Amino acid sequence: MTPTKIQVIDHPIPVFRPFSGEEEIEAVAEVLRSGWWGQGPKTVAFEKQFAEFVGAEYAVSVNSATAALHLALLVAGVEGGEVITTPMTFVSTNHAILYNNATPVFADIQADTLNIDPDDIKRKITSKTRAIIAVHYGGYPADIERIQALAAAHNLIVIEDAAHAAGTTYKGKSVGSISPLTCFSFHPVKNLATGDGGMITLEDGDWDARLRRLRWVGINKDTWVRSRDKDSAGYSWEYDVEEIGFKCHTNDINSAIGLVQLGRLPGTNARRREIAALYTEGLRDLEWLQLPITTGEGIVSAQHNYVVRCAFRDQLADWLRDHRIATGMHYIPNHLHAVYKPYATSLPVTEREWTRLLTLPLYAALTDSEVQYIIDVIRQYPHA
Ligand SMILES: Cc1ncc(COP(=O)(O)O)c(C=O)c1O
């Protein structure tokens with residue numbers, strides 16, 4: 001085949017990039033002018049709208065998904081027990097287990113989706129298991145139905161790490177409304193970005209109340225609630241501390257951005273899926289490149305990333321970098337990190353697949369011509 005001439009793009013293309021406009025700037029300016037920068041009315045509105053968006057009873061905002069996972073595992077009561085988890089994730093998922101003085105037990109992943117494998121979860125359940133964490137890798141949902149069936153049979157709590165999955169639908173249900181506790185991330189490169197932030201969605205009222213205390217050093221009444229106290233002249237200073245909490249609440253600057261981003265999410269996620277479809281269409285005939293699964297029955301992926309696989313991943317990354325296209329690698333399997341050596345076990349699928357993974361650029365503002373350029377550059381890679 002004679003190579004076609006590439007339409008050169010004259011600027012660097014990052015892997016990820018937040019999508020925002022004048023609305024976010026205006027929303028932040030409004031909060032700055034209001035004089036209430038801390039956790040207040042914008043946070044209350046963001047939690048309410050996020051809960052409605054995913055169809056959950058409660059949504060508790062925090063300052064990151066790392067904090068969300070830490071607190072979710074705390075209310076789940078995993079201390080001293082084992083938590084079955086995936087190695088194919090950002091380390092926060094598993095650090096949250098260690099923060100809670102519990103033991104991470106790694107299960108292998110499914111080769112097609114890179115999500116935790118229910119068959120291996122089943123093999124790893126012991127009398128000490130308290131919970132299972134399922135990460136929706138790249139926004140494509142883990143096999144929650146089978147995971148929940150295992151959890152129900154052994155009286156375990158399922159916690160979803162939905163850092164990649166704001167807006168994902170699984171068998172017709174929104175992620176965030178399925179398991180007892182679901183944790184989201186609003187880190188700058190996530191589908192819904194607030195600068196940094198996180199959310200826990202849940203159904204249980206007692207857990208909701210406890211999470212609200214835990215996120216703000218254990219205090220049982222936040223400042224905004226006290227400032228609205230009808231029994232005092234506008235501000236009541238009284239509160240109690242029933243247990244030691246953490247300082248991981250959010251603020252109205254981030255929440256104001258979150259409200260705008262939540263409104264954009266259906267559109268930005270749709271654009272992500274459109275870009276993924278362009279990649280798939282433009283690369284599907286390359287026999288040396290394996291493409292990700294992006295659709296399934298009853299599944300709408302938030303399409304956080306687009307991860308291809310090939311035998312010469314590092315060389316392909318260099319080739320793309322030479323053409324000013326950045327790539328990523330998600331993830332170094334967590335059990336290979338020094339901190340997780342004591343919990344390392346044989347995970348053949350993970351250990352085989354991770355050396356082939358390469359994350360291509362994907363963000364809502366990526367244009368069709370940039371996508372075409374990336375496709376052209378990959379197609380011209382001299383792989384033979
Ligand atoms: C799967 C996964 N879990 C958890 C996190 C932690 O999110 P945050 O940066 O909001 O703490 C991330 C962020 O990169 C992630 O990708």
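Which residues point one way from strand S13 (residues 357-360), and which the other way? Leu 357 and Thr 359 point one way, Leu 358 and Leu 360 point the other way, and all are buried. A residue counts as buried if 20 or more other C-beta atoms lie within 10 Å of its own, as exposed if 12 or fewer do, and as partly exposed in between, with C-beta atoms placed from the backbone. Helices (H or I, at least four residues) and strands (E, at least two) are DSSP runs, numbered from the N terminus.

The model is a predicted one, in which local features need pLDDT of at least 70 and side-chain atom pairs count only at pLDDT 80 or more, while totals for chains, interfaces and linings use all residues. Residues are numbered from 1 along each chain as its sequence is written.

Strand S13 is joined to strand S12 (residues 306-309) by 4 bridges, and the two run antiparallel. Two strands are said to pair if DSSP finds at least two bridges between them. Within this pair, Tyr 306 has Leu 360 of S13 as its bridge partner. In the loop between strand S11 (299-300) and S12 lies Gln 303. Gln 303 has a positive phi of about 50 degrees although it is not a glycine. With 29 other C-beta atoms within 10 Å, Gln 303 is buried.

The next element to consider is an open sheet. Seven strands form it in the order S1-S9-S8-S5-S4-S2-S3, and the pairing is mixed. Strand S1 (58-62) and strand S3 (103-106) stand at the edges with a single partner strand each, so one side of each is left without a neighbour in the sheet. From one strand to the next, the twist averages 25 degrees. Strands of a sheet pair through backbone hydrogen bonds, either parallel or antiparallel. The parallel sense is seen between strand S2 (residues 82-85) and strand S4 (residues 129-135), which are joined by 3 bridges; here Glu 82 stands opposite Thr 129 in S4.

Strand S9 (198-202) pairs with two strands in the antiparallel sense: with S1 over 5 bridges, and with S8 over 5 bridges. Tyr 58 has Leu 202 of S9 as its bridge partner, and Phe 184 has Met 199 of S9. S9 is mostly covered, since 5 of its 5 residues are buried. Gly 198, Ile 200 and Leu 202 point one way from the strand, whereas Met 199 and Thr 201 point the other way.

Helix H2 (residues 41-54) lies across S1 and S9 and runs at about 130 degrees to S1. Helix H3 (residues 65-76) lies across S1, S2, S4, strand S5 (157-161), strand S8 (181-185) and S9, running at about 165 degrees to S8. For these angles, axes are lines fitted to C-alpha atoms, for helices over the stretch in contact, and values run from 0 to 180 degrees between N-to-C directions.

The ligand is surrounded by 14 residues, the closest being Ser 64, Ala 65, Thr 66, Ala 163 and Ser 185; a residue is near a molecule or strand if its C-beta atom, placed from the backbone, lies within 6 Å of it. H3 and helix H4 (92-99) are the elements that give two or more residues to this shell. By class, the shell has 4 nonpolar, 9 polar and 1 charged residues. Here Ala, Val, Leu, Ile, Met, Phe, Trp, Tyr, Cys and Pro count as nonpolar, Asp, Glu, Lys and Arg as charged, and the others, Gly among them, as polar.

The loop between S8 and S9 holds Leu 192. With 27 C-beta neighbours inside 10 Å, Leu 192 counts as buried. Leaving aside neighbours within four places in sequence, Leu 192 is in contact (C-beta atoms, placed from the backbone, within 7 Å) with Ala 166, Phe 186, Gly 258, Gln 261, Leu 262 and Leu 265.

An automatic or database domain assignment divides the protein into domain 1 (22-262) and domain 2 (266-379). Their C-alpha centres lie 26 Å apart, and 29 residues of domain 1 are in contact with 27 residues of domain 2. On the side of domain 1 that touches domain 2, the largest share, 3 residues, comes from S3. The residues of that side divide into 14 nonpolar, 12 polar and 3 charged.

Methods
Contact = placed C-beta atoms within 7 Å.
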